[in-house]
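These exercises concern a ligand and the protein around it. Work through each task with the structure in view.

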Amino acid sequence: MTELLFPTTVEEAVALLAAHEDARPIAGGATLVAMRNAGLVESTHLVSLDRIAGLAGIVRLEDGRIRIGAMTKHAETASCEMLSGSLEVLRKAAGMIANRVVRNMGTMGGSVANADPAADYLPALACCDAVLTIAGPGGTREVSILDYVEDWYETALGEGEIITAFTLPAPYAAASSYRKIARVSGDFATASCAMALEADGQGVRVAIGACGPGPIRDPEAEAALCGHLGDPEAVATFAKALADQADPVDDVRGSAEYRLQLIPRLISGVLNDISKETV
Ligand SMILES: Cc1cc2nc3c(=O)[nH]c(=O)nc-3n(C[C@H](O)[C@H](O)[C@H](O)COP(=O)(O)OP(=O)(O)OC[C@H]3O[C@@H](n4cnc5c(N)ncnc54)[C@H](O)[C@@H]3O)c2cc1C
């Protein structure tokens, strides 16, 4: 028998997770319920984050940054107009997750806690320089999305900790694109790419997903690419720099070799999208 607990504050949730040895947080249950039904996860206590005020929703902070609560559903992120310019890539990625049912059920916190390397949010959040807020028995701390994924399905989340929010820098004028290649529409990515290009062309950010345990970014290669986006040789050099950092696996969604081939294709694809947007 599993007991479902409904704390109303983050502190209470953290205390409940500490009080029961194999307790787990539950968000929308999109993944966790399927895992439990398949016998992959056992838990005597599930700590629902659903009734904690302030964990869901997207707000603009006084300094212009955007804060997304961990319990925000993909559907809300996909339709949030505050995610504009440099942050629009996150909105686009949310809209490509699975199907409407999953987008109405799953949450950003649950997706990122699960840390599936093929999840759409990881490269999009990396492209946006997102910072996670994590609460636990030791208090609250912040972790950048690039430091968060430590290895395959291993993250900076410690025992009894929960993700409470994602903070994004204030949006600025930019064109952005998110592309994923998947076996069928609505599936997790075989490989994916998020890109944001500043309107004045002075900055470009690119993150690759599903080609290693976490999203791949290379700020030095981004700086070298800046101003040369129309030069096929510079783009190829950039794609090679990212592919060199990839650590793809063979799995049901594609071989490691195929994933490496997808990296330059995806980069050309997002560049093409962006050039259409900026014409
Ligand atoms: C059919 C199907 C198709 C899918 N396709 C895609 C896809 O194309 N792209 C994609 O990116 N994703 C996809 N997903 C995953 C989906 O995005 C889910 O939102 C995501 O896996 C998490 O679901 P959830 O928020 O309901 O979390 P839950 O299922 O409730 O929890 C997932 C895990 O995270 C933990 N957890 C939840 N919230 C927190 C928190 N705030 N802090 C710490 N730990 C937490 C739970 O303990 C559990 O281990 C798919 C899922 C399904 C079922």
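The model is predicted: local features need pLDDT of at least 70, side-chain atom pairs count only at pLDDT 80 or more, and totals for chains, interfaces and linings use all residues. Residues are numbered from 1 along each chain as its sequence is written, and side-chain values use heavy atoms, with hydrogens and water left out.

**Exercise 1.** Find the polar contacts (pairs of N or O atoms within 3.5 Å) of the ligand.

*Solution.* Step 1: look at the backbone. A polar backbone atom of Pro-25 is 2.5 Å from a ligand oxygen, and one of Gly-29 is 2.8 Å from a ligand oxygen.
Step 1: look at side chains. An N or O atom in the side chain of His-74 lies 2.7 Å from an oxygen atom of the ligand.

**Exercise 2.** Describe the shell around the ligand by class and by helix or strand.

*Solution.* Step 1: sort by class. The shell has 17 nonpolar, ten polar and four charged residues.
Step 1: sort by element (DSSP runs: helices H or I, at least four residues; strands E, at least two). β2, α5, α6 and β10 each supply at least two shell residues. The largest share, four residues, comes from α6.

Key:
Polar contact = N/O pair within 3.5 Å; in protein donor to acceptor, adjacent residues only side chain to side chain. Nonpolar A, V, L, I, M, F, W, Y, C, P; charged D, E, K, R; others polar.
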